[in-house]
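Please examine the model shown below before reading the report.

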Amino acid sequence: MREADSENEGPTEAQLNEVMKQVPRGAAVLAGFAVFLLMLGYSFVYFVIFIPRGVVG
Amino acid sequence: MRSLERLTLAHLWVAFAAFAIACFFGVWQMWARSPLPAPFVTPDNYFLAVTEHGVSMAFVLTTFFVMGFGYFTAETALERPLPGKTFGWIGFILGLIGAAMASYAILSGRASVLYTFYPPLTASPYFYLGLVLVIVGSWIWCVLMIVAMAQWKRANPNVPVPLAMFGTVANAIMWLWTTAGVAAEVLFIVLPASLGLIHTIDVGLTRTLFSWTLHPIVYFWLFPAYIAFYTMAPKAAGGRLYSDLMGRLSFVLFILYSLPVGFHHLFMDPQEPAGFKFLQMFLTLLVTVPTLLTIFTITASFEIAGRLRGGRGLFGWIPALPWERPMVLATGLSFVMLFFGGGGGLVNMGYGLNAMVHNTSWVTAHFHLIFGGAVVVMYFAIAYEIWPRLVGHEPSSSMPQRIQLWLWFLGMMTMSLPWHWLGLQGQWRRVAQFDYSNPIIAAWGPWVVVSLIGGLLLLASALLFVWNLLFLYRKPEAARLPFRFALPVHPVTHVPASLNGFGLWNVLVAFLMLAAFGWPIAQAFVIEAPHAVVHRVDRGG
Amino acid sequence: MSNLEQEILRHERRWTAGVIIAVAVILGAVLYAAFALHVNPPSNIETIDPKTLHLSAEFTESNLGTRVEAGGQVTTRIVTAQFAFNPQCIVVPANEPVTLRLASPDVIHGILVTGTNVNSMVVPGYVSQIRTVFTKTGDLLMPCHEFCGFGHSQMWATVRVVPRENFRPDANGRVACEKS
């Protein structure tokens, strides 16, 4: 929505630099956790479902 | 209304009209497959519906959306008029005639071969010719995108191409490579068979050529969503793009690794050599990389936005984000569906693991979540975002947009998640009616009904989407502000030439395609496999 | 390049390293399954003329179904055609290597066996070969899982896995489902 435009006259260099001291801490944890969950799900399918279904080929 | 707006709107309306009609067919299909009594259930009707649904969603919605959004991006990102607009209209007309021709063939029951063709099943020539016209129309779009960028670069030497256009042209170049496979298949095998010029075909070769196209086509569909992630979502969130460079890298990695991987659709085919299945599986693993890079970069971009809005601590930036904005909400919902759809995809691509899920509902779950979910929800968001520019009005409220997006997400999750479970139970694909008296199949019934409910939510969402576009944009636009894309944290003053053009990547793609497909295609001519007889489906065959 | 830009690239590089590790783990899992656990999709590239399948030595009507070969190996031959399996029911022994060989005289079909990793396309012009060991006894469902025309929904077969002592080949080494 257009109100965002005036807001994006936006962050001053100072505000941006202040924020960049923290970034990407939160993103790394969130994205890292998501990838961890992904690997966990994959492992579950691999060991609990796939392997017990036996050899083929 | 200026001519660019008309060109874009024409494409988007064709895309969304096909989409809405396909949603009706999708719901009916699920109703037919469920234990609940449904009307008009015959195999002929069912497979007609599946063909219509697949062709509309996979060929019409996508191609026309990509083209329309591409024209819009070319003019707004490069801030100069689109060159060759007349050719754009010619491409549109060709595509429209082609879509109409294919639709006619399908709806008259002469092309029930599904959107993946399944030779030697052979449909009416109008079906294939129609799709050829759509592809030729899209090739015109590709050329215009490449020309627009080339002209801009000449006028702006040593300046980085705006990321949104770089992504659009990456998609155009990838599409030209992608369509070569199906074009060869249709031109040399399928269309001659359909016209009665040949009566037997080499099925292995035909499938190999189709698999050339079958994977990169989904990245053709996906590019607009990723372009929106990088160049629209950070701005909508009120922040900055964390890294413009990673965007460019992701786009070129998609070109490289979406193309030589089609064999992961053919793992279970006995005519493809194991070594090449392995190679293409490995390359498929590499195509997960640009997505994994993207989720980090976009999450970091959102973190910037959330912290600028006062979010503190490790996760405080998340609630601080402006979730009431459709583009922001859609990105969040998209990432959730990307998690599930991508996870399912990791199982699909696992060579041996594919045996557990091939041609089961697990596959159906995967592509509905990743394409129907993660990608199409961004199509909605892009439409909402650019609509004020196209029609000259603002939406009177964002609530109907958010309801529509939430309905789509809830519907997609409800419909698709049970399909993972059902697929592992052995529920197979493309079935008009299940024999629910069989005890194994009877256990699936309740979950099939759950999926159907999800489908109904999706239909409601699809109708609300169209309603929103038609009736929500009523407020006169405050001022004709130029459309702006997201800014990176730091202004991009210089990028390496390899990330500002595609010469190097074209060479690498040629090499990779030769390595991945060279022998498998040549094999067909070396071993001279016996041909199968053409089976026509357009005369009750 | 400013300090901030360098820092951003450093974070992106670290994330990329993590991604590469995750991808390598998945690759390892797939390779392990393929080589150590012998889970491999059918890639035997064996051609056969679909138009004369019924006249071939191997896929002629009387040779279909399960047979114990001269060397003791259990082989089951199945023809998938529009719109039925021939035979519609097969018997296989539990806990013994079984080789499935399938061919199609007409269009593309495909099979899976519920609860197992048995899965293959059946492409006219080629023989599909799958070697496996069935561990659970009972009746398993083997549908045609690839669209093959309007009768596709009704095309399925039964795989009857019987314990070794119930697997009794006749004089020709053949075992068929009992007529009920």
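This is a predicted model: local features need pLDDT of at least 70, side-chain atom pairs count only at pLDDT 80 or more; totals for chains, interfaces and linings use all residues.

## Overall form of chain B

Chain B contains 18 helices and 6 strands. Its radius of gyration is 23 Å, close to the 24 Å that the globule rule gives for 541 residues, so chain B is as compact as a globular protein of that length.

## Interior of chain B

Of the 541 residues in chain B, 62% count as buried. Contacts within the chain may also be sorted by separation in sequence. Among those in chain B between residues at least 6 apart, 86% join residues at least 24 apart.

## The contact between chains B and C

Chain B brings 59 residues to the contact, and chain C brings 53 residues. On the side of chain B that touches chain C, at least two residues come from each of helix H2 (43-78), helix H6 (203-214), helix H10 (274-308), helix H13 (354-357) and strand E5 (532-533). Helix H10 of chain B gives the most to this side, with 10 residues.

Sorted by class, the side of chain B that touches chain C has 36 nonpolar, 16 polar and 7 charged residues.

## Domains of chain C

The domain assignment divides chain C into domain 1 (1-40) and domain 2 (50-175). Taken over C-alpha atoms, the centres of domain 1 and domain 2 of chain C are separated by 41 Å.

Key
Residues are numbered from 1 along each chain as its sequence is written. Chains are lettered from A and ligands numbered from 1 in the order in which they are written. Domain bounds come from an automatic or database domain assignment. Two residues are in contact if their C-beta atoms, placed from the backbone, lie within 7 Å. Helices (H or I, at least four residues) and strands (E, at least two) are DSSP runs, numbered from the N terminus. Ala, Val, Leu, Ile, Met, Phe, Trp, Tyr, Cys and Pro count as nonpolar, Asp, Glu, Lys and Arg as charged, and the others, Gly among them, as polar. The radius of gyration is taken over C-alpha atoms; the globule rule is 2.2 Å times the number of residues to the power 0.38. A residue is buried if 20 or more other C-beta atoms lie within 10 Å of its own, exposed if 12 or fewer, and partly exposed in between; C-beta atoms are placed from the backbone.
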